[in-house]
Amino acid sequence: MSPISILRRHRVAALLGAALIITPVVVSFAQNEGNSGLSNVAATTQTPVAGITAPNGSFAPVVAIAKPAVVTVTTVMKAQPGAMGDGSPFDGNSPFDQYFQQFFGDQGIPMPKTPPQQSPRQEALGSGFIVGADGTIVTNNHVVDGATSIKVTLDDGTELPAKLVGHDAKNDLAVLKIKASKPLPTVRWGDSNKLMTGDQVLAIGNPFGIGTTVTAGIVSARGRDLHSGPFDDFIQIDAPINHGNSGGPLVDVSGNVVGIDTAIYSPNGGSVGVGFAIPSNQAQKVVAKLMKGGDIEYGYLGVQIQPVTPDVASAMGLDHPGGALVAQVTDGSPAAKAGIETGDVITGFGGQEIKDPKDLSRAVADVAPGAKETLDVWRKGKALQISADVGRNTEDTQTASTGQGNKPSAGQGLGVPSLGLGLTDLTPDIRQELNLADNQRGAVIERVNPDKAASAAGLQPGDVIVAVDQTPVRSARQANQAIAEAAKSGKKSVLLLVDRADAQIFVAVPFAAG
């Protein structure tokens, strides 16, 4: 069973007050949780309220500020065959579902079968919060994804129909609009950048539909990456949140919104004190765009990138690790047209320092398609600048693939004892077995010594070495000679460009561990 679950919408029974509570899989992303109750979450921001420091004080003044602006979002959607009731923890409609099915497997806790008298429609619940007195509401995208109708219940019990103004699946955010007869209470955005580990936060919501509930905790960590998209920068909290809290605000001790509760890590379907919230500074920018209506377009560069590790930096002659290493350039992409090459290290984009691949993914995605940006690049010992026209893409810029290679047929291979590799040439049989193109060149890794440096670096039988220290190789002998020359030059490691499962990655292998 996967330890991280998406907080899924739960099927709601037809009778008012009777909710079917379904235990989700382990990674939970707070979304429209289907219980007959309401789903609301609130928390606290950074400026402390005078005299309030839990556990000695009271959070009541904070709750009084935030709770009136927290709402319940109820959605209605058409029942899908096999969705939420066939034993699967996911309904397959959310981008988060697809990710976790791929990387964690569909191994969640079995869920109750659909009752025979089930209605042809499904109801689901989530949370939201009012940011505009005119009825502008923020929630998670997965709370309203696929909804045929949306209803919002205010803190005073008033129920109003809601319109979807805009949504963004990559950031998992959505904006709704309701019409009320009077100005509505609102909450203010806080500054999530000021949050520090150990700061107190509150979550106000309706877990499992039992009614509005307040939980308190601290910021456990910053910058958590759940690998759900290019914008992962979650705040980890230990304030208990459960199904029904999706889309609700995380507030600081001043009652300002510093995050949006979105996910939990749970081995049992319930809260174990590991929750995740989207930072308010990230959310506020997206919400401002969504309030103008529609979807958000993202920039696209067209490079496959990976981190620059200390071994990679040493092999490339860099003073320190940092930047995004280009492992592959997509043909015809903006990067290809701009002259970006495999082996380039992108250290800056649009005047912004690029410390790692995630920085580049976010920076590119944030740029409007059609914009011209300058990239700072390190190429074969020289620093240069390249101008690129950012393209338009509906998919995220991806990091390097880690697909598994297949073991080739045995042959008369060449050994590289210092690294623990056994290399062989590409033969017609090996090409067929590895499903390689006829024009593929390089040296196939036939054996990897589990006690040597190559194994520790992640090299596998079936990997094809296509370049050594950014110099192409066409055979096992060439690869062997190039590695030997790198060792003689006094380098601490050698940089190998490896083709694996139709993707290319750079792997730095230290000689000292060979």
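Me: How many residues has helix 10, and how far does helix 10 reach from its first C-alpha to its last?

Reply: A word on the source comes before the answer. This is a predicted model, in which local features need pLDDT of at least 70, side-chain atom pairs count only at pLDDT 80 or more, and totals for chains, interfaces and linings use all residues. Residues are numbered from 1 along each chain as its sequence is written, and side-chain values use heavy atoms, with hydrogens and water left out. Helices (H or I, at least four residues) and strands (E, at least two) are DSSP runs, numbered from the N terminus. The expected span of a helix is 1.5 Å times one less than its number of residues. Helix 10, residues 476-488, has 13 residues and reaches 18 Å, close to the 18 Å expected.

Me: Which residues of helix 10 are buried?

Reply: An α-helix has 3.6 residues a turn, so residues three or four places apart point the same way. Buried means under 20% relative accessible area, exposed over 50%, and partly exposed in between (1.4 Å probe, protein chains only). In helix 10 the buried residues are Ala476, Ala479, Ala482, Ile483 and Ala486. They cover an arc of only 130 degrees around the axis, which puts them on the same side of helix 10; the arc is that of the directions from the helix axis to the C-beta atoms. The face turned away from this buried side carries the exposed residues Arg477, Glu485 and Lys488. Just after helix 10, Gly490 takes a positive phi of about 90 degrees.

Me: Which residues of strand 20 lie on its covered face, and which on its uncovered one?

Reply: In a regular strand the side chains alternate between the two faces of the sheet. On strand 20 (residues 372-379), Glu373, Leu375, Val377 and Arg379 form the covered face, while Lys372, Thr374, Asp376 and Trp378 form the uncovered one.

Me: With how many bridges does strand 20 pair with strand 21?

Reply: Two strands pair if DSSP finds at least two bridges between them. Strand 20 and strand 21 (residues 382-389) are antiparallel and share eight bridges, with Thr374 opposite Ser387. These two strands form a hairpin with two residues between them, and Lys380 in the turn has a positive phi of about 50 degrees. Strand 20 is also joined to strand 18 (residues 345-349), in the antiparallel sense, by four bridges; there Gly348 has Asp376 as its bridge partner.

Me: Why is strand 29 described as largely enclosed?

Reply: Eight of the eight residues of strand 29 (residues 503-510) are buried, so the rest of the structure largely encloses this strand. Ala503, Ile505, Val507 and Val509 point one way, and Gln504, Phe506, Ala508 and Pro510 point the other way. Strand 28 (residues 493-500) pairs with strand 29 over eight bridges, antiparallel, and Ser493 stands opposite Pro510.

Me: What does the side chain of Thr215 reach?

Reply: A polar contact is a pair of N or O atoms within 3.5 Å; within protein, one must be able to donate a hydrogen and the other to accept it, and residues adjacent in sequence count only if both atoms are side-chain atoms. Thr215 lies in strand 10 (residues 213-224) and is buried, with a relative accessible area of 17%. Its side chain reaches the backbone oxygen of Pro240 at 2.8 Å.
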